[in-house]
There are 2 protein chains.
Amino acid sequence: MKQVYQSDFVSFQKRLRPTVDDEVKYKRPSKEILLKPYVITGEGKVSFHLHYPRAKHVEIRSYTERYELQKSGEYWCGEFDMGEGFTALFLNIDGSEVITQFLPVGYGGNQLINYIDIPDKDFPIEISNCEHGSVVSDYLESAITGQVERVFVYLPAEYHKKNMKRFPVLYLQHGHGENEACWIYQGKMNFIYDRLIQDKKAVPAIVVMANGMNYEEKETERILNIKKYPEFLLKELIPYIDGKYRTLSDAKNRAMAGLSMGSLQTSIITFEHSELFAYAGVFSGFVRNFISDDQSHLTAEKMNEFKKIFITFSVESDRKINTSLILQKTTEC
Amino acid sequence: MKQVYQSDFVSFQKRLRPTVDDEVKYKRPSKEILLKPYVITGEGKVSFHLHYPRAKHVEIRSYTERYELQKSGEYWCGEFDMGEGFTALFLNIDGSEVITQFLPVGYGGNQLINYIDIPDKDFPIEISNCEHGSVVSDYLESAITGQVERVFVYLPAEYHKKNMKRFPVLYLQHGHGENEACWIYQGKMNFIYDRLIQDKKAVPAIVVMANGMNYEEKETERILNIKKYPEFLLKELIPYIDGKYRTLSDAKNRAMAGLSMGSLQTSIITFEHSELFAYAGVFSGFVRNFISDDQSHLTAEKMNEFKKIFITFSVESDRKINTSLILQKTTEC
């Protein structure tokens, strides 16, 4: 068996292909005739074949590009080079932006999105032939956020096999407009970590992912409060995780990492609390606080206490957004 | 804090409301002006307010009804009585059936769907003020289905508190065209069970949910093979669960239940294997095999070995489908 990751938020492996046949939809026969709505070609291009028989104009937009489809019978078709990796897509039919059942669905920009994920030629995410850890959804009532929070917890395969062993913990944060599930369903975090452990490239650790987009909501507006997450993490989440799971709970066994907005949350929290964290991962990374002028977390003394700070950013961002800003903010530090 | 369930497959609580403002979408300000795309009124009706400024005709279809929306400025509006509970919805814009980001998304009929879930007045699913169990995603490579299977496992809150205690197990199956996640995200199984345990109306048990829609796929067709699931359950899943979790693994502590197609799988498996199962729950239930003529599981001897068989069906089905068929099949037994 050799199987690469092809799941999304709603379906797991092999069950992404919908039918277009009303006969199939309502009568549920045991045998169904299906056409693939999209194929990733050998050259890494995406070939679309979308069933919208009554549409007059169909195009797909990413954050930066437009791809016009051509009608062929009842289908709208086109083959495009969309680069490698994850790209959010927005289908536009006759002027209306919609979600299509024919492409994977996920969460980004605070909303349901379609996307395409083109496997990196040098690093396909094979999920077969590997021992798998568990992904736990825990639910805790937070006095700080004022709601029940869902938290994803990755437990390495060893966790259930060695009943007395304790594990280091990584707190891993998503980017702006994403949620606590994105590192799993879009980031394939668990399957990547499973493989790293099996290949002895990483030590088994517990990974904790929580929602960092905390809004204060009124009837017709909401205001993002990025200070809620640090408070939730420090006062409620760390005690909850250390109380429930077999963790190593000293600073040298606790790390935090985050992507984009999550990297800023990581910088602020870890530099301020080196008594709690010995490692920080700052991906597409912000170190300076660009949301407020408060740079009190950035003193040489605070940063020197650190065991390791890992900073990455993409010079040519796939989404061609914010790269120069990231570069500027990172080098300023 | 008092909070009822309002999550879907992609978002958890309070994060379902998308923006329609391009300024918001691309510039990501900290404060966003939002309008609710739908509201459930005090009378249990649904009031829609969907932002499709360039559409010429918008209607919402369920499996049995059509609801035409009226244009009001940039929005399409309407207020409808859609009954109580869960109803799959299909948005149709200018003749094209699409998924909308403005309504919850789930999985049914083998595809991504929108739906509305109108709380039962007598039984709202409050998720706050309750101790919560965990929902685990486990991944196992199945030689029988030929792929990595995702299995959802509910662990009651007590599981992590009493480190030596063993628990009974319920295997819970979804209906036709659904998947292993539907009992969680659409059925709210974990939150309902949390409450039943807290109210001492149920004993804590482990609940296991796996995919029962096993297809044999060829290039352009797929054939449903409902015999795969029993084989997977008996040979791989039960040993996996009993090996990994602290279960009570004798028959009198193992139950199976299922909805619709899952109820037929339950009948076939449990009646054939009363040495493994002492309880069966047959919801919207089939006892006779209506897919093949093989009724070998239905002998008085086999059924008499049972501790309890629980059969339910709805006389006036919300979806007005299959009721008479279910009634006929159930009473025939």
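## Paired strands and an open sheet

Two strands count as paired when DSSP finds at least two bridges between them. In this predicted model, that criterion picks out an open sheet of 4 strands in chain B, whose order is β2-β3-β7-β6 and whose pairing is antiparallel. The strands β2 (38-40) and β6 (70-72) of chain B stand at the edges with a single partner strand each, so one side of each has no neighbour in the sheet. From one strand to the next, the twist averages 25°.

At one end of that order, β6(B) and strand β7 (residues 75-80) of chain B are joined in the antiparallel sense over 3 bridges. Within this pairing, Gln70(B) has Cys77(B) in β7(B) as its bridge partner. Strands of a sheet pair through backbone hydrogen bonds, and they may do so either parallel or antiparallel.

## Strand β11 of chain B and its partners

Strand β11 (residues 111-118) of chain B has 7 of its 8 residues buried, and it is therefore largely enclosed by the rest of the structure. One of its partners is strand β8 (residues 85-93) of chain B, which runs antiparallel to β11(B) and is joined to it by 5 bridges; here Ala88(B) stands opposite Tyr115(B).

Strand β10 (residues 105-108) of chain B also pairs with β11(B) in the antiparallel sense, over 4 bridges, and in this pairing Gly106(B) is set opposite Ile113(B). The two strands β10(B) and β11(B) make a hairpin with 2 residues between them, and Gly109(B), which lies in the turn, has a positive phi of about 55°.

## Helix α4 of chain B

Helix α4 of chain B spans residues 189-198, and its buried residues are Met189(B), Asn190(B), Phe191(B), Tyr193(B), Asp194(B) and Arg195(B). The cover over these buried residues includes elements of both chains: from chain A there is β12 (134-141), and from chain B there are β12 (134-141), β13 (148-155), β14 (169-173), α3 (182-185) and β15 (206-209). Just after α4(B), Lys200(B) adopts a positive phi of about 55°.

## Chain A as a whole

Chain A contains 8 helices and 20 strands, and 56% of its 333 residues count as buried. Among the contacts in chain A with a separation of 6 or more, 66% are between residues 24 or more positions apart. The accessible surface of this chain comes to about 14,200 Å², and 52% of that surface belongs to carbon and sulfur atoms.

## Selected residues of chain A

Most residues other than glycine have a negative phi. Two residues of chain A have positive values instead. Asn110(A) has a phi near 65°; its place is in the loop between β10 (105-108) and β11 (111-118) of chain A, and it is buried, with a relative accessible area of 6%. Lys188(A), which is not a glycine either, has a positive phi of about 55°. Lys188(A) is found in the loop between α3 (182-185) and α4 (189-198) of chain A, and, with a relative accessible area of 12%, Lys188(A) is buried because that value falls under the 20% limit.

Tyr193(A) lies in helix α4 of chain A and counts as buried at 13% relative accessibility. Apart from residues up to four places away in sequence, Tyr193(A) touches Tyr154(A), Ala202(A), Val203(A), Pro204(A), Ala205(A) and Val207(A). One of these residues, Pro204(A), is 11 residues away from Tyr193(A) along the chain, and the C-alpha atoms of the two are separated by 8.3 Å.

## Where chains A and B meet

The size of an interface is often given as the accessible area lost when the parts come together. Chain B and chain A bury about 7,900 Å² between them, of which 47% is on carbon and sulfur atoms. In this interface, 82 residues of chain B are in contact with 82 residues of chain A, while the count of salt bridges between chain B and chain A is 0.

Leaving aside neighbours within four places in sequence, Ser96(A) is in contact with Leu91(A) of its own chain and with Tyr52(B), Arg54(B), Ala55(B) and Ile93(B) of chain B.

Notes:
Residues numbered from 1 in each chain as written. Chains lettered and ligands numbered in written order. Predicted model: local features only at pLDDT ≥ 70, side-chain atom pairs only at ≥ 80, totals over all residues. Heavy atoms only, no water. Buried < 20%, exposed > 50% of the residue type's maximum accessible area, 1.4 Å probe, protein only. Contact = heavy atoms within 4.5 Å. Axes fitted to C-alpha atoms, helices over the stretch in contact; angles between N-to-C directions. Areas by Shrake-Rupley, 256 points an atom, 1.4 Å probe, with all protein chains shown as cover. Buried area = accessible area lost by both parts, 1.4 Å probe. Salt bridge = Lys/Arg side-chain N within 4 Å of Asp/Glu carboxyl O.
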